[in-house]
Amino acid sequence: MGKVHVLDHPLIQHKLTFIRDVSTGTKEFRELVDEVSTLMAFEITRHLQLQEVTVETPVGPAKSHTLAGKKLGIVPILRAGLGMSDGILRLIPAAKVGHVGLYRDPETLKPVEYYVKLPSDVAEREFIVVDPMLATGGSAAEAITSLKKRGATNIKLMCLIAAPEGVEIVHEAHPDIDIYLASLDEKLNEKGYIVPGLGDAGDRLFGTK
């Protein structure tokens, strides 16, 4: 069964406070999401394997380590996930970026895939699917399904904030997936917003209503 990892690093929790704050404007909100994404990427990559190498320092040879050839992919769920991808790439610049676009069918209320573009070597990569909010869980579960249908076998989900209902839906659909969060909040309200949450992440990132 996939695990839920709540990243309690003080810097993540400090910055998350200002991300939640209704008085934080678009520019600051965008910068804070970017910074927290970098900090979360530090934690989500802790498991990466190393290989020993020898380098020549100004003083002499030194045994050291590099990443052991692990190929990584970042997949933001459009559109709000875009606000997290640059922060991760700052730490892992060699990662490839894919995109998954989903919309909610007005009649069934289920997510429908409208755009998927992934690196060509899907089966060889470890993917980090990113979206600031894990609310109902439908979009995240469908995005993971989209990756699996195309051959991805190693996937993690990274969100700033989640509701327990969203975590449950993702794990029902994909019991193998580890979920990384800055906060697991109380619940969803009747409109499907996370409580206390941070409002609509896409609108706050891009200045829309």
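Guide: Strands here are DSSP runs (E, at least two residues), as helices are (H or I, at least four), numbered from the N terminus. This is a predicted model, where local features need pLDDT of at least 70, side-chain atom pairs count only at pLDDT 80 or more, and totals for chains, interfaces and linings use all residues. Residues are numbered from 1 along each chain as its sequence is written, and side-chain values use heavy atoms, with hydrogens and water left out.

Visitor: OK, the S6 and S7 hairpin. Which residue there takes a positive phi?

Guide: Leu109, with phi near 65°; the hairpin has six residues between the strands.

Visitor: And how many bridges join S6 to S7?

Guide: Six, between residues 99-104 and residues 111-117, with the strands running antiparallel. Two strands pair if DSSP finds at least two bridges between them.

Visitor: What is the bridge partner of Gly101 in S7?

Guide: Tyr115.

Visitor: How many aromatic pairs does a search of the whole structure find?

Guide: One. Tyr103 and Tyr114 form a tilted pair, 6.3 Å centre to centre with 40° between the planes. Tyr103 is in strand S6 and Tyr114 in strand S7, 11 residues apart. Rings of Phe, Tyr and Trp (its six-membered ring) pair if their centres lie within 6.5 Å; planes under 30 degrees apart are stacked, over 60 edge-to-face, and the rest tilted.

Visitor: How does Tyr103 count for accessibility, and at what percentage?

Guide: Partly exposed, at 43% relative accessibility. Tyr114 is also partly exposed, at 48%. Buried means under 20% relative accessible area, exposed over 50%, and partly exposed in between (1.4 Å probe, protein chains only).

Visitor: Changing topic. Which residues does UniProt list for "binding site"?

Guide: The unreviewed UniProt entry lists Ile194, Gly199, Asp200 and Ala201. The lining of the largest pocket takes in Ile194, Gly199, Asp200 and Ala201 from that set. UniProt positions are in the numbering used here, feature names are shortened, and annotations may be inferred rather than shown by experiment.

Visitor: What counts as a pocket?

Guide: On a 1 Å grid over the protein atoms alone, an open set of points with protein on both sides within 12 Å along at least five of seven lines; lining residues have an atom within 4 Å of a point.

Visitor: Is Ile194 buried or exposed?

Guide: Ile194 is buried because its relative accessibility is 6%. Ile194 lies in strand S13, residues 194-195. Leaving aside neighbours within four places in sequence, its contacts (heavy atoms within 4.5 Å) include Met133, Ile161 and Asp185.

Visitor: And what does Ala201 touch?

Guide: Phe29, Ala80, Pro132 and Met133, not counting residues up to four places away in sequence. Ala201 lies in helix H6, residues 201-206, and is buried at 4%.

How values were computed: On a 1 Å grid over the protein atoms alone, a cavity is a set of points where a 1.4 Å probe fits but cannot get out, and a pocket is an open set with protein on both sides within 12 Å along at least five of seven lines; lining residues have an atom within 4 Å of a point.
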